[in-house]
Amino acid sequence: MAGRESRRANDVFFACSLIDYIARKTKNRRVDVAEALGAGRVARIIELADVYHSDNIDAVSDGFIEEATISEGSFDNVAAARYAVPSHWDVGKVYKRLVLAIADREGVDLSEALLRAYQSPVSALIDDYNGSFYYDSPQAIYDAYATGELT
């Protein structure tokens, strides 16, 4: 079927969308949520994404918030946005493309690639809904990640 993504891509998409959902819910930076979840939980989320995706995202997010003891923060990029706010699914797509590029080009597993994406300086740019970086092409976002040249 043309246009359908691989299960691998869908699993990463769900993991990235869940991270964004948790970050919005707890008012934390996305990197802080990814680090609190850690490589083991991230790997489990990716591995079981099809199961988690069929459940209520509020219930899934609450489970991981509790398990990883993610506390309420003060980062609220949604409230700070002056323009239309992308959904957690929209942001998940941007991160998914970056995570897959990192995994493929750097030869690391998906959970490591995900953590690298969120720990990189481009994460703050993606999460700034008042800027335009979020809308850049996947190649431009990966190039900024790879070179560290943030414009």
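A salt bridge here means a side-chain nitrogen of Lys or Arg within 4 Å of a carboxyl oxygen of Asp or Glu. Keep that in mind. The model we are looking at is predicted.

The side chains of Arg 7 and Asp 11 form a salt bridge, at 3.3 Å from N to O. Both residues sit in helix H1, 4 residues apart, which is about one turn of the helix. Is Asp 11 buried or exposed? Its relative accessibility is 9%. The cut-off for buried is under 20%, so Asp 11 counts as buried. The pair is also part of a network of salt bridges that links Arg 7, Asp 11 and Asp 50.

How many salt bridges does a search of the whole structure find? It finds 13.

Now to Arg 116. This side chain meets Glu 106 in a salt bridge, 2.5 Å from N to O. Arg 116 lies in helix H7 and Glu 106 in helix H6, so the pair ties together parts that are 10 residues apart in sequence. Arg 116 forms a salt bridge with Glu 112 too, with the closest N and O atoms 2.9 Å apart. Arg 116 and Glu 112 are both in helix H7, 4 residues apart, or about one turn. Glu 106 is partly exposed at 29%, and Glu 112 is partly exposed at 32%.

Next, helix H6 itself. H6 covers residues 88–106, which makes 19 residues. At 1.5 Å a residue, H6 should span 27 Å. The C-alpha atoms at its ends are 26 Å apart, which agrees. Its buried residues include His 88, Tyr 95, Lys 96 and Leu 100. What do the buried residues of H6 pack against? They pack against helices H1, H2, H4, H7, H8 and H9. Just after H6 comes Gly 107, with a positive phi of about 65°.

Last stop, helix H9, residues 138–147. Which residues of H9 are buried? They are Ile 141, Tyr 142, Ala 144 and Tyr 145. These cover an arc of only 155° around the axis, which puts them on the same side of H9. Among the elements covering them are H6, H7 and H8. After H9 comes Gly 148, and its phi is positive, near 75°.

One last look at the screen. Find Arg 116, then trace its salt bridges to Glu 106 and to Glu 112.

How values were computed. Residues numbered from 1 in each chain as written. Predicted model: local features only at pLDDT ≥ 70, side-chain atom pairs only at ≥ 80, totals over all residues. Heavy atoms only, no water. Helix = DSSP H or I, 4+ residues; strand = E, 2+ residues; numbered from the N terminus. Expected span 1.5 Å × (residues − 1). Buried < 20%, exposed > 50% of the residue type's maximum accessible area, 1.4 Å probe, protein only. Contact = heavy atoms within 4.5 Å. Arc of directions from axis to C-beta.
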